[in-house]
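Look at the model below and try to follow one part of the chain at a time.

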Amino acid sequence: MREQILSYALKYQGEWNQITSALARQEPWEAVPYPKNYITIADSQYPDSLRRLRYAPWILFYEGNIDLLQRKAVAIIGTRKCNAYGAAMGRHVCRLLKPHAIIVSGLAKGVDAIAHQEALDCHTVGVIGCGLNVCYPKENANLYQVMRKQQLIISEYPEDVKPLAHHFPWRNRLIAALSSAVIVIQAQMRSGTMLTVNEALEINVPVYCIPHLFQDPYGSGCNLLIAQGANILVDEQDILAIL
């Protein structure tokens with residue numbers, strides 16, 4: 001089944017619905033040589049945390065240490081356009097948690113990049129929405145190179161697949177599922193961060209938020225989530241209690 005899934009993933013550029021359809025009708029396939037690293041849902045290395053998803057990924061392409069997916073992880077997420085407070089809180093939360101858990105995020109600009117950068121001296125996993133040989137955003141090129149060699153980057157998409165808009169909300173379910181908790185550092189009312197939160201709630205992963213000033217547009221999403229019942233992080237003891 002491993003080779004069959006790979007064949008469909010390459011043919012359909014990692015699109016979950018098309019792979020699922022091909023498997024359901026047992027579409028004819030041929031084994032395809034693929035020199036890069038990957039695991040499928042049929043492999044023992046596939047993390048159990050992803051199996052709880054309604055749409056568990058059929059395949060994960062990766063660069064780095066795949067064994068990191070078997071360890072306790074916390075997602076640190078937030079806006080691409082964070083302000084000084086968001087950047088400082090992202091670094092602070094990550095510094096407290098990284099000795100105890102893998103830091104998972106989406107390798108985007110802003111909070112994601114800050115979390116990965118801060119965790120490089122421990123362990124971090126980046127989940128991206130394009131082929132592993134496609135660096136997006138380009139501002140993270142140096143971070144990509146370090147994480148490929150020393151940490152882990154994963155994607156449902158084979159090489160050369162572009163960062164299409166619909167890939168990013170879809171990849172957010174992986175960030176949520178790989179984590180024992182999701183921490184929102186900073187988020188506006190409408191953002192991809194809120195989509196990750198929804199994915200976490202779907203599979204009962206607890207959500208924690210950093211509070212923000214009244215009417216702060218950068219943190220309005222966090223304050224709304226707290227009002228709706230998300231866990232509020234008041235001090236360092238609250239952050240460490242997540243573990």
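Predicted model: local features only at pLDDT ≥ 70, side-chain atom pairs only at ≥ 80, totals over all residues.

Begin with the inside. In soluble globular proteins, nonpolar side chains tend to be buried together. Here the largest nonpolar core has 37 residues, and Leu50, Leu69, Leu152, Ile154 and Val184 are those with the most contacts inside it. Helix H7 gives the most to this core, with 4 residues. A second, separate core has 24 residues, including Leu6, Ile19, Tyr34 and Leu107. Leaving aside residues up to four places away in sequence, Ile154 touches Leu60, Phe61, Tyr62, Leu69, Gly126, Val127, Ile128, Leu132 and Leu178.

Next, turn to helix H8, which covers residues 192-202. Its buried residues are Thr193, Met194, Thr196, Val197 and Ala200. Viewed down the axis of H8, these buried residues fall within an arc of 155°, so they line one face of the helix. What do the buried residues of H8 pack against? Their partners are strand E3 (73-78), helix H7 (167-177), strand E7 (182-186), strand E8 (207-209) and helix H9 (220-227). After H8 comes Asn204, which has a positive phi, near 60°.

Now consider the charged side chains. The whole structure contains 12 salt bridges. One of them joins Lys11 and Glu27, with the closest N and O atoms 2.7 Å apart. This pair links distant parts of the chain: Lys11 is in helix H1 (residues 2-11), while Glu27 is in the loop between helix H2 (16-24) and strand E1 (38-40), 16 residues apart. Lys11 counts as exposed because its relative accessibility is 52%, whereas Glu27, at 9%, counts as buried.

Another salt bridge is formed by Arg51 and Asp48, at 3.4 Å from N to O. Both residues lie in helix H3 (residues 48-51), 3 residues apart, or about one turn of the helix. Arg51 is partly exposed, with a relative accessible area of 38%, and Asp48 is exposed, at 59%.

Finally, find Lys98 and Glu118, whose salt bridge has its closest N and O atoms 3.2 Å apart. Lys98 sits in the loop between helix H4 (84-97) and strand E4 (102-105), and Glu118 belongs to helix H5 (residues 111-118), 20 residues apart. Are these two buried or exposed? Lys98 counts as buried at 11% relative accessibility, and Glu118 is buried at 16%. Salt bridges with shared partners join Arg95, Lys98, Glu118 and Asp121 into one network.

Conventions. Residues numbered from 1 in each chain as written. Heavy atoms only, no water. Buried < 20%, exposed > 50% of the residue type's maximum accessible area, 1.4 Å probe, protein only. Helix = DSSP H or I, 4+ residues; strand = E, 2+ residues; numbered from the N terminus. Arc of directions from axis to C-beta. Contact = heavy atoms within 4.5 Å. Core = buried A, V, L, I, M, F, W, Y, C linked by side-chain atoms within 4.5 Å. Salt bridge = Lys/Arg side-chain N within 4 Å of Asp/Glu carboxyl O.
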